Amino acid sequence: MVIGPDSSREMFPGEEAEVDALLRAAFGGEDEVALVHALRRDGDIASESVTCWHGRIAGYAALSRMVAPEGWLCLAPVAVWPEFQRGALAPEGGSKKYWQVGRRLVSMIAIAAESPTLEQVPAIVVLGNPEF
């Protein structure tokens, strides 16, 4: 039996409020929520992905269009519920192996970056914590 986060997938319409709550918890305020709303409003998000855990959105990642260099995308924002950060998602059954929601999101983004819809993108950069 595989134990870990449910699969990562594109965010569905209607999940915005759940993502907003995740952004508030992960970043400790409204700034990232406002940023994502502005990016959506302006058509500057190329892709939004989520990773779920038992039916709840546990992680979120956006590929946002950059103003310059032209055509580049930025992997930002990326958010994971605080209790799931730094590999703190303990599997059921007492296993010592931990799952990392953020890694699952980033691996999905890497796969998506090779899709035909993003094949013309010259580069994807990451904005945020250098450890990530």
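The following legends describe close-up views of a predicted model.

Residues are numbered from 1 along each chain as its sequence is written. Because the model is predicted, local features need pLDDT of at least 70 and side-chain atom pairs count only at pLDDT 80 or more, while totals for chains, interfaces and linings use all residues, and side-chain values use heavy atoms, with hydrogens and water left out.

**View 1. Overall arrangement of the protein chain.** The chain holds three helices and five strands, where helices (H or I, at least four residues) and strands (E, at least two) are DSSP runs numbered from the N terminus. From the N terminus on, the order of elements is β-α-α-β-β-β-α-β. Of the 132 residues, 38% count as buried; buried means under 20% relative accessible area, exposed over 50%, and partly exposed in between (1.4 Å probe, protein chains only). The chain exposes about 7800 Å², of which carbon and sulfur atoms supply 56%; accessible areas come from the Shrake-Rupley method with a 1.4 Å probe, and for residues only the protein chains shown count as cover. Among contacts (heavy atoms within 4.5 Å) between residues at least 6 apart in sequence, 59% join residues at least 24 apart.

**View 2. The five-stranded sheet.** The sheet is open, with strand order E1-E2-E3-E4-E5 and mixed pairing. E1 and strand E5 (124-126) are the edge strands, each pairing on one side only. From one strand to the next, the twist averages 30°; axes are lines fitted to C-alpha atoms, for helices over the stretch in contact, and angles run from 0 to 180 degrees between N-to-C directions. Two strands pair if DSSP finds at least two bridges between them. E3 and E4 pair in the antiparallel sense over six bridges, and in E4 the bridge partner of Ser64 is Cys74.

**View 3. Strand E2 and its neighbours.** Eight of the nine residues of strand E2 (residues 45-53) are buried. Three bridges join E2 to strand E1 (residues 8-10) in the antiparallel sense, with Thr51 of E2 as the bridge partner of Ser8. E2 and strand E3 (residues 56-65) run antiparallel and share eight bridges; Trp53 stands opposite Arg56 in E3. The hairpin of E2 and E3 has two residues between the strands, and in this hairpin His54 takes a positive phi near 50°.

**View 4. Surroundings of Ile45.** Ile45 lies in strand E2 and counts as buried because its relative accessibility is 15%. Not counting residues up to four places away in sequence, Ile45 touches Val36, Leu39, Arg40, Tyr60, Ala62, Leu63, Ser64 and Arg65. The C-alpha atoms of Ile45 and Arg65 are separated by 6.0 Å, although these residues are 20 apart along the chain.

View 5. In helix H2 (residues 31-41), Glu32, Val33, Val36 and Leu39 are buried. These residues are on the same side of H2, because they cover an arc of only 130° around the axis; the arc is that of the directions from the helix axis to the C-beta atoms. Their cover includes helix H1 (16-27), E2, E3 and strand E4 (73-80). Exposed Asp31 and Arg41 are on the face turned away from the buried side of H2. Just after H2, Gly43 takes a positive phi of about 70°.

**View 6. Cysteines Cys52 and Cys74.** Cys52 is buried, with a relative accessible area of 7%. Cys74 is also buried, at 11%. The structure holds zero disulfides, a disulfide being a pair of cysteine sulfur atoms within 2.5 Å.
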